[in-house]
Amino acid sequence: MLPPQFRFWLFDQMSVKTMRYVSAIPDRQAEGLTKKVYDMIREDFFRNGSLTSRSKVTELMAAIWIAGRESMLVADKVDRTSKDAICAVLSQINDCPYCEDMLVSLVHASGEHKAAEDIFGQNDLDSTDPKLRDRLEWVRAIATPGAENVPPSPFSKAQMPEILGTLLAMSDINRFSHVVMDDSPVSAPFGVKAGKALQLRLFGSELVPTRRLPLQLGRSLSLLPQADLPEDLAWAEPNPRIADAVARYAAAVEREAASVISLQVRQVVAQSLATWQGEQMPISRSWVEGDLIGLTGEDLNIARLAIVLAKAPYQVDGTLAEAVLGHERDEARFVRILAWASFVGSRRFVNLIARQSAQESSQSFTRPPIDTKQHAAELAS
């Protein structure tokens, strides 16, 4: 195993190797909230581009860290290994090879090598532990657009806020990283997939120290001010810590987006997402144009990116990103727009799962389900 200082320096350097459109603030230039977030990420996890790619708008880096740490990394109602594995499967479906490789390596770090190999190989999970297999088969089904015969949730009512929070944060990271990360820094030697599988296992052995220390519940919450939980995220309420994290996260995204995204764009995107039930979108990206009538200029480009990123992230390419980034190449503006676009798509995806889970258990959350028009209004507000 590599010496600790060199190991984490190497991880940080590798993680930004494929970063595009934006750049991370160098460690030596970090101060104030940026330094606080950097230090906490290093202490509780490890620095990587999926987080530091938002550092030009520190509040947004803090927001995704709070949501991810409290939902995904802290072992509360659900063990960390299950959440890492779930996130690896989700990243695979969302076409984020950067995230997928990192998470497969984290599953290796947990010692669940069979599960990591099954996920990487995209096979039937036959060699994976039965309990973990049920969880992975569920997330694979619910995350695949248009999938039929989705099995019932294998998680209890008490566990669902943590799982939904995990899916929300990871889906957001997937979408954001799909745009700003040009593939994974881990390549298949000579195109041989088995060689890459071995590299991910070796990388996982270096990540073992990131899992040894128990994480303090709620430690990251103080990074951002307290906020009210939006009505459509009421699924988080049974776990106050998750609810607190999600509320601060949502408020920061909306607050930072307000200066760069018009109300008209928010309304158009909200209406488009409110009518989407998770179905597979056509191969041709022309399906989005009908939702954009009346928009022009930068509003048109922002709304197009947000809707495609929400419904079909695998269809997002450089032309959509470049149209939003524009000639000025304002990284902070781009981070604000992309963070909002990634969040609203993930929010819709998770809310669909939350409603399905509530129906399965005949459970209504603290607030009753909202109809399509109300959901659109909430997303636009």
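Q: How many residues apart are Arg248 and Asp244 in helix α11, and what separation does that give along the helix?
A: In this predicted model, Arg248 and Asp244 are four residues apart in helix α11, which means that about one helical turn separates them. As a general idea, side chains of opposite charge can pair when their charged atoms come close. Here the side chains of Arg248 and Asp244 do meet in a salt bridge, with 2.6 Å from N to O, and both Arg248 and Asp244 are buried.

Q: Which residue forms a salt bridge with Arg69, and how far apart are the closest N and O atoms?
A: Arg69 is paired with Asp44, and their closest N and O atoms are 2.8 Å apart. This pair links distant parts of the chain, since Asp44 belongs to helix α2 (residues 32–44) and Arg69 to helix α4, 25 residues apart.

Q: Is Arg69 buried or exposed, and which residues does Arg69 touch?
A: Buried means under 20% relative accessible area, and Arg69, at 0% relative accessibility, therefore counts as buried. Leaving aside residues up to four places away in sequence, Arg69 touches Met40, Asp44, Val74, Leu215, Gln216, Gly218, Arg219 and Ser220. Asp44 is buried as well, with a relative accessible area of 9%.

Q: What salt bridge does Arg219 form?
A: Arg219 forms a salt bridge with Asp44, the closest N and O atoms being 3.0 Å apart. Because Arg219 lies in the loop between α10 (193–207) and α11 (240–257) while Asp44 is in helix α2, the pair ties together parts that are 175 residues apart in sequence. Arg219 counts as partly exposed, at 27% relative accessibility.

Q: Which residues are linked in a network of salt bridges?
A: The network links Glu43, Asp44, Arg69, Glu70, Asp76, Arg219 and Arg241, and a search of the whole structure finds 28 salt bridges.

Q: Which residues form a negative surface patch?
A: The patch is formed by Asp124, Asp126, Asp129, Asp134 and Glu137. One of these residues, Asp129, is found in the loop between α7 (113–121) and α8 (130–143), and Asp129 counts as partly exposed at 38% relative accessibility.

Q: What is the phi of Gln122, and where is the place of Gln122?
A: Most residues other than glycine have a negative phi. Gln122, however, has a positive phi near 55°, and its place is in the loop between α7 and α8. Arg329 also has a positive phi, of about 55°, although it is not a glycine, and Arg329 is placed in the loop between α14 (318–325) and α15 (331–360).

Note on methods. Residues numbered from 1 in each chain as written. Predicted model: local features only at pLDDT ≥ 70, side-chain atom pairs only at ≥ 80, totals over all residues. Heavy atoms only, no water. Patch = residues over 30% accessible without salt bridge, like charges linked within 9 Å, V, L, I, M, F, W, Y side chains within 5 Å. Areas by Shrake-Rupley, 256 points an atom, 1.4 Å probe, with all protein chains shown as cover. Salt bridge = Lys/Arg side-chain N within 4 Å of Asp/Glu carboxyl O. Lys, Arg positive; Asp, Glu negative; His and termini not counted. Charge placed at Lys NZ, Arg CZ, Asp CG, Glu CD. Helix = DSSP H or I, 4+ residues; strand = E, 2+ residues; numbered from the N terminus. Buried < 20%, exposed > 50% of the residue type's maximum accessible area, 1.4 Å probe, protein only. Contact = heavy atoms within 4.5 Å.
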